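Please look first at the sequence and the 3D structure shown here.

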Amino acid sequence: MPNLGRKSKVLIVIVLALALMLIGALFFPVPQPGIELSANYGGGVGPEPFFQLGPIYFTNTLIASFMSILVLAGLFYFGTRKMKLVPTGLQNLVEAIVETLLNFFEGVAGKENARRFLPVIATIFLYVVTNAWLGLLPIFNAIGWGEPGTSGNLLSSIAGSVFPEYDGFIVKTALFRPANTDINVPLMLALVSFLAVEYWGVTAIGARHYAAKFFRYGQLIGALGLLVRGRVKSALSGIFYGGIDVFVGGLELLSEFVRIISFTFRLFGNMTAGEVLLLMMAFLVPWLIAVPFYGLEALLGAIQALIFAGLTLVFATLAVTPHEQEPE
Amino acid sequence: MRYRVGLAITIMLLTLLLSSCGAAQELGINWRGLLGQFIAFGILLGLLLFFAYRPITRMLNNRSQRIKESMDQAEYIKEQTAKTEKMVQEQLAEARRQGQGLVAQAEQIGERLKEEARQQAKQDAEAIVARARSEIKAENEESIAQLRREFVDVAIQAAEKVINRALDKETHRQLIEETLKESTDLKKEG
């Protein structure tokens, strides 16, 4: 390698990148991705599932889910197979993962609650992040069923004589599709999070106390009693504040359910958008342009997992905190 | 319990409601998919509980327990060392004190012995001096007596020669003795 200045090095890299993109555009065009929100559940909306096992449809997203499960289970199985007091190799990694999560949980929820929350919330985190990162593998969305055909792209529509159209096999139903882009995955996680939070809340402070957070009729009923006894003035203010209390309780109850929807669509939207972004970037200019977006998506996957787990953790901590100690 | 059943029913109704409308179908909400995902999550949770959370938290507990024990032990050893050091110091001080006591005692004994020896010597010397004195005195008296006797004889001989006749020896002796006595008395008085 000849001794070159900084400027010429940068120039060489730029020229190489442009050349790669040009070669990609000239000789390896990419077909327009067929974007569908639904996975292949059939039923008139999308392609039929690959096969059915009783009530379970094996779709491309479920296969991806099982891939994630396999990866995680394999990692932790081999990491904890021969546990030693002084860790080595893979044990270091898996211990670091669990310990980092546990420390994070302890920081938010306290030592005792963290141990209780760990299995469910850590599983949510690991599932989301593994789904997201596995979805970046090149086998996703590229292998599957389809048919030969032609597909134009941006460059060929601008200068058709220079840039060729895609002509070849076009995947209609991918064998693997990132699991997080199937709305049933975020919805399932949101429901798990919701159920777990309610369960923890009820078992930690009792069903009566927990329900009292949402059904705050005490003051209103007391005020009505005053009205019956004829103390009109104090009864009226009691009814006013009691009414506000009931309304706030209703809002609290509603927000518990709204969380399911916000959880679902936050994850689904982010992941689907990321997937579409990657496909479109690869489609617009083949090779190289999509690379930085892969880095972005890797980061986003981790962030979304962290948000999902973190919010569940915060809601769980709020649910198990008795009302008197609830921070204002 | 009743609360949880109610909750489950609410969720089911909510899901049914959502999956029944067209928009939900377009999005891909599907109860079969949801069921499959629940099963997948359950499997994952079980596997991770078995392979990850339980063994790793147990290991973390073990390790922290072990570290705590080691630290306690280190603390104990440190304490023990300090205690031993203190004991050694005390023993040294005790030994020093005892040694000083012994030395003082020895000095005292030596002093006493010296004193005794001095006393003894003094006594001995006095005794010797006294004896010598008495001996001298005795000898003195003896020689005085001797001298007197000789002197008397000489005086008698002289007197015999002077008067040329023998005097009654005994009578003269008495006479001279008296005279001498008077003279010595005179001398003493003088």
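## The largest cavity and its chain

By class, five nonpolar, five polar and two charged residues form the lining of the largest cavity, where Ala, Val, Leu, Ile, Met, Phe, Trp, Tyr, Cys and Pro count as nonpolar, Asp, Glu, Lys and Arg as charged, and the others, Gly among them, as polar. This is a predicted model, in which local features need pLDDT of at least 70, side-chain atom pairs count only at pLDDT 80 or more, and totals for chains, interfaces and linings use all residues. Residues are numbered from 1 along each chain as its sequence is written, chains are lettered from A and ligands numbered from 1 in the order in which they are written, and side-chain values use heavy atoms, with hydrogens and water left out.

A cavity is a set of points on a 1 Å grid over the protein atoms alone where a 1.4 Å probe fits but cannot get out, and lining residues have an atom within 4 Å of a point. The lining includes A:Asn131, A:Met271 and A:Glu297, and H9(A) gives the most to this lining, with four residues. Helices (H or I, at least four residues) and strands (E, at least two) are DSSP runs, numbered from the N terminus.

| Item | Value |
|---|---|
| Volume of the largest cavity | about 100 Å³ |
| Span of the C-alpha trace of chain A | about 95 × 55 × 55 Å |

The volume is the space filled by probe spheres set on the points, which are joined across faces, edges and corners, while accessible areas come from the Shrake-Rupley method with a 1.4 Å probe. Chain A contains ten helices and four strands.

How values were computed
On a 1 Å grid over the protein atoms alone, a cavity is a set of points where a 1.4 Å probe fits but cannot get out, and a pocket is an open set with protein on both sides within 12 Å along at least five of seven lines; lining residues have an atom within 4 Å of a point.
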